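Subject: Structure handover

Hi,

Here is the structure I promised to pass on. Have a look at it first, and my notes follow below.

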Amino acid sequence: MFKRTLPEGFVVLSRAVPSLVIDLKYTGSDNFVGRPIAGYAEDGDAIVTQECAQALAKIQETLQDPHFKAAFKVKEPKLVILEAFRPLMAGDDFWAWGQSDCQKTKQAYYPRIAKQDFFALGYLARRSSHSRGSTVDVTIIDTANNQTVDFGTPFDFMDELSHPDNQAVSKTAYENRQHLKNLMAEFGFEGIPQEWWHFTLKNEPFPDTYFNFEVAKYES
Ligand SMILES: C[C@@H](N)C(=O)N[C@H](C)C(=O)O
Ligand SMILES: [Zn+2]
């Protein structure tokens, strides 16, 4: 039987750090395009570099610290991975969708901007840092009550309100974003000005390489 293997240096996140919650959005239709994205199998694994997985393990552990539980006002916090490695072919799919006329997700994901502008405004990249394997999109859930921490906007809401430093969100959401940024920074991740959920490992192992293998089920 055919067994898929990952390129050297990459790991399946659910095996490397079983305590994380994995909820990849681009394997299905619950996303800003409204359908699965090219390069993602329905049962695709979250994939990252070894270095990224190690840092995420430490973040998940540190989230259990009373300081962070109090900061986020949660009892049993878990880091949720919404997006991890993204193949280049997905970037091409996003680009083609951005040029198309389909507007079925506009109200939910980009009510105040045109989707053609996502790339210029920095909400989406055709050659994304995700394709280098050390970038993740995250949120936090309290598994004691299944409530997601309030970060002010839904994931992938393409709007100024999602800018981490936007002060038009509630004080709680603004502070939660700052706590998340600090937690991620403690383990080497850096965010971007447009999205509170998007972080790249600064010391990434493949800073100049963009990969194009599928997000599928992998044996190792
Ligand atoms: C689309 C969003 N989840 C994201 O990751 N945006 C950044 C800018 C990217 O595409 O690299
Ligand atoms: Zn991202």
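Asp156 sits in the loop that runs between strand E6 (147-148) and helix H7 (171-186); helices (H or I, at least four residues) and strands (E, at least two) are DSSP runs, numbered from the N terminus. Before I go on, a word on the basis: this is a predicted model, where local features need pLDDT of at least 70, side-chain atom pairs count only at pLDDT 80 or more, and totals for chains, interfaces and linings use all residues. Residues are numbered from 1 along each chain as its sequence is written, while chains are lettered from A and ligands numbered from 1 in the order in which they are written.

Back to Asp156: its phi is positive, about 65 degrees, although the residue is not a glycine. Is Asp156 buried or exposed? It counts as buried, with 24 C-beta neighbours inside 10 Å. For the cut-offs, buried is 20 or more other C-beta atoms within 10 Å of the residue's own, exposed is 12 or fewer, and partly exposed is in between, with C-beta atoms placed from the backbone.

Lys73 also has a positive phi, near 55 degrees, and is a residue other than glycine. You'll find Lys73 in the loop between helix H3 (66-72) and strand E4 (77-83). Lys73 is partly exposed, because 13 other C-beta atoms lie within 10 Å.

Now the ligand. Asp156 is one of the residues surrounding ligand 1, and the others include Glu83, Asp137, Glu195 and His198; a residue is near a molecule if its C-beta atom, placed from the backbone, lies within 6 Å of it. The shell is made up of three nonpolar, five polar and four charged residues (Ala, Val, Leu, Ile, Met, Phe, Trp, Tyr, Cys and Pro are nonpolar, Asp, Glu, Lys and Arg charged, and the others, Gly among them, polar).

Which strands does it pair with? Pairing here takes at least two DSSP bridges between two strands.

- E4 and E5 are antiparallel, over six bridges, and Val80 has Thr139 as its bridge partner in E5.
- Strand E8 (residues 198-201) is antiparallel to E5 over three bridges, and Asp137 is bridged to His198.
- E6 and E5 are antiparallel over two bridges, with Ile141 opposite Thr148.

E5 and E6 also form a hairpin with four residues between them, and Asn146 in that turn has a positive phi of about 60 degrees.

Cheers
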